[in-house]
Every structure is written in C-alpha cells, then in structure tokens.
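Take a look at the structure below. We will walk through it, starting with some aromatic rings and moving on to a pair of helices.

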Amino acid sequence: MTTTPRITPGGRRELGVVNHVISTLAGRVVGGPKPNVFTTLGRQRGLFRAWLWYSARMMPGGRLPRRETEMVILHIATLRGCEYERNHHLRIGRRVGLTAEQVEHTGDSGWDGWSIREKALLAAVTQLVQDRDIDDHVWAGVRAHLDEAETIELLMLCGQYDSLATTLMTLRVQPE
C-alpha cells in the first residue's frame with residue numbers, strides 16, 4: 001500500500017477561512033501543527049463542519065465517560081490497524097486516565113487488567129468491527145452496564161471511528 005496521500009492536506013484556499021481557523025486551533029490545542037485529518041477532510045467544507053459537530057457530541061460531549069470513550073476509540077484504531085487514529089488518541093487517552101499498560105492492551109478485550117464493564121464494552125466493539133453485529137451474549141453484557149441512551153451512543157461511537165479509520169486509511173492521511 002502506498003503512503004503517498006491520495007488527497008493532500010489543504011491550505012487556507014482549499015479549506016476556506018472557517019475550516020482553516022478550526023484546523024489551526026486544533027493544532028494549538030494538541031501543541032502541534034494543524035492535524036492532517038482536519039486539513040484533508042476540511043476540503044469538503046460543509047460536511048467537515050457537520051462531521052466535527054457530530055463527532056463532538058460523542059467525544060468529548062457524550063454520556064459515556066471520557067476514559068471509556070478513548071478506550072473504545074483506541075481499541076477500534078488498533079483492530080483496524082489505523083495508526084493515524086491510534087497515535088492521535090494515545091495522548092488523549094493518557095490525559096483522561098488510561099494507564100500505559102491499558103493503552104498497551106487496547107485491541108485485547110480479554111486482558112485481565114480490564115474491569116468487567118470494560119471487558120463488556122470492548123467485546124461489543126470487537127464484534128462490531130469484525131462482524132458488524134453483536135451477538136445476544138455480548139449484548140446482554142453491555143446492557144448490564146449501559147442504559148439505552150449510552151448503548152446507542154456506544155454503537156454510534158464505534159460506527160463513527162470505524163468509518164473514520166476507513167477514510168483515513170483509504171485517503172492515506174499521513175502523520176503530521
């Protein structure tokens with residue numbers, strides 16, 4: 001697989017003023033350059049802003065605890081082999097309380113260091129990514145820990161970050 005971006009990150013002209021400002025601010029927040037995910041997806045101006053709003057409703061603005069949200073995102077990125085997504089969320093995951101050992105075991109839903117709740121969430125994520133469905137046993141495990149709204153959010157969070165992994169890898173978005 002080639003590592004040359006299929007669509008290169010845009011500048012102010014390609015992104016428009018609003019998306020360029022958003023990208024610049026995002027870089028400042030993470031203490032680096034404008035994220036290539038923003039400067040690439042930002043080329044589709046209106047959709048990019050709608051995607052940001054949708055994504056922010058789950059992370060950081062969702063009902064699930066931030067630590068669990070990041071655990072789920074890192075698990076998806078690991079299962080999908082999406083290094084861009086994984087690298088971006090490693091820093092965030094550590095900031096919201098994931099330990100180095102937990103980060104090391106993302107992708108392994110059976111690890112003994114996960115709590116019963118975490119194992120249930122990660123088993124559901126694994127099935128969603130691999131099978132696009134959750135069997136009744138795993139579903140019962142999730143529902144023992146999450147209410148209806150949280151369960152819907154978990155499913156949508158998985159869909160969002162699985163889709164983002166697909167987009168990033170297909171576009172060959174490069175690390176900053």
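**Rings and helices**

Phe 38, Phe 48 and Trp 51 form one aromatic cluster. This is a predicted model, in which local features need pLDDT of at least 70 and side-chain atom pairs count only at pLDDT 80 or more, while totals for chains, interfaces and linings use all residues. Residues are numbered from 1 along each chain as its sequence is written, and side-chain values use heavy atoms, with hydrogens and water left out.

Start with the rings. Across the whole structure, a search finds four aromatic pairs. One of them joins Phe 38 and Phe 48. Their centres are 5.4 Å apart, and 70 degrees lie between the planes. The pair is edge-to-face. (Rings of Phe, Tyr and Trp, the last by its six-membered ring, pair if their centres lie within 6.5 Å; planes under 30 degrees apart count as stacked, over 60 as edge-to-face and the rest as tilted.)

What does this pair tie together? Phe 38 lies in helix 2 (residues 36–41) and Phe 48 lies in helix 3 (residues 45–58), so the pair links parts that are ten residues apart in sequence. (Helices, H or I with at least four residues, and strands, E with at least two, are DSSP runs numbered from the N terminus.)

(Buried means under 20% relative accessible area, exposed over 50%, and partly exposed in between, with a 1.4 Å probe and protein chains only.)

Now turn to two helices. Two packed helices are described by the angle and the distance between their axes. The axes of helix 5 (residues 83–95) and helix 9 (residues 148–171) come within 8 Å and cross at roughly 125 degrees. (Axes are lines fitted to C-alpha atoms, for helices over the stretch in contact; angles run from 0 to 180 degrees between N-to-C directions.) That makes helix 5 oblique to helix 9. (Angles under 35 degrees count as roughly parallel, over 145 as roughly antiparallel, 65 to 115 as roughly perpendicular and the rest as oblique.)

Which residues make the contact? Helix 5 supplies Tyr 84, Glu 85 and His 89; helix 9 supplies Tyr 161, Leu 164, Ala 165 and Leu 168. (Contact means heavy atoms within 4.5 Å.)

Look at His 89 in helix 5. At 7% relative accessibility, His 89 is buried. Leu 164, in helix 9, is buried at 8%. Leaving out residues up to four places away in sequence, Leu 164 touches Val 37, Leu 41, Trp 51 and Glu 85. Trp 51 also belongs to the aromatic cluster.
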